[in-house]
Amino acid sequence: MKIFDSHFHYYGETSPLEFYRTVLAELEVSPQSDIGKVERIFVNAVGGDYLESCRAREFAQVVDDAFFSVGVHPHQADGFLAAPREFDEFRGHEKLVAIGELGLDYY
């Protein structure tokens with residue numbers, strides 16, 4: 001079985017490879033259902049502002065089965081309006097899979 005994680009936020013507390021190895025180690029735990037063994041997992045690191053987007057790109061560059069998305073969370077939208085061109089640098093990156101607003105927080 002192959003799995004693609006919809007997204008996660010990488011804040012840089014550990015190296016990208018150490019973080020990814022932790023995810024893979026969790027997959028080694030015997031499954032509680034009969035869906036089968038996970039053979040490969042693809043992950044999508046997401047940035048909720050410019051700096052997080054840079055970290056997400058870093059993660060994707062280091063981890064083979066990782067991709068990244070860049071965008072602005074609604075809580076940071078006011079700051080984005082001040083400098084929207086910052087995100088242009090991500091265009092064309094081979095591992096970029098999405099650009100745009102992210103997050104639908106209803107609280």
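## Asp65, a buried loop residue

Asp65 counts as buried, at 14% relative accessibility. Buried means under 20% relative accessible area, exposed over 50%, and partly exposed in between (1.4 Å probe, protein chains only). Asp65 sits in the loop between helix 2 and strand 3. Leaving aside neighbours within four places in sequence, Asp65 is in contact with Tyr20, Arg40, Ile41, Phe42 and Val43. Contact means heavy atoms within 4.5 Å.

This is a predicted model, where local features need pLDDT of at least 70 and side-chain atom pairs count only at pLDDT 80 or more, while totals for chains, interfaces and linings use all residues. Residues are numbered from 1 along each chain as its sequence is written, and side-chain values use heavy atoms, with hydrogens and water left out.

## The chain as a whole

The chain has 3 helices and 4 strands. From the N terminus, the order is β-α-β-α-β-α-β. Helices (H or I, at least four residues) and strands (E, at least two) are DSSP runs, numbered from the N terminus.

Of the 107 residues, 32% count as buried. Take the contacts in the chain with a separation of 6 or more: residues 24 or more positions apart account for 69% of them. The chain exposes about 7200 Å², and carbon and sulfur atoms supply 54% of that area. Accessible areas come from the Shrake-Rupley method with a 1.4 Å probe; for residues, only the protein chains shown count as cover.

## The nonpolar core

In soluble globular proteins, nonpolar side chains tend to be buried together. Here, the largest nonpolar core has 18 residues. Such a core is a set of buried Ala, Val, Leu, Ile, Met, Phe, Trp, Tyr and Cys residues joined through side-chain atoms within 4.5 Å. Val43, Phe59, Phe68 and Phe90 have the most contacts inside it. Strand 2 (40-47), helix 2 (50-62) and strand 3 (66-72) are the elements that give two or more residues to this core.

Phe90 touches Tyr50, Ser53, Cys54, Arg57, Phe68, Val70 and Leu96, not counting residues up to four places away in sequence.

## Two salt bridges

The whole structure holds 2 salt bridges. Each needs a side-chain nitrogen of Lys or Arg within 4 Å of a carboxyl oxygen of Asp or Glu. Glu89 pairs with Arg57, their closest N and O atoms being 2.9 Å apart. Glu89 lies in the loop between helix 3 (77-82) and strand 4 (96-101) and Arg57 in helix 2, so the pair ties together parts 32 residues apart in sequence. Glu89 is partly exposed at 41%; Arg57 is buried at 18%.

Arg91 and Asp88 form a salt bridge at 3.4 Å, N to O. Arg91 is exposed at 58%, and Asp88 is partly exposed at 30%.
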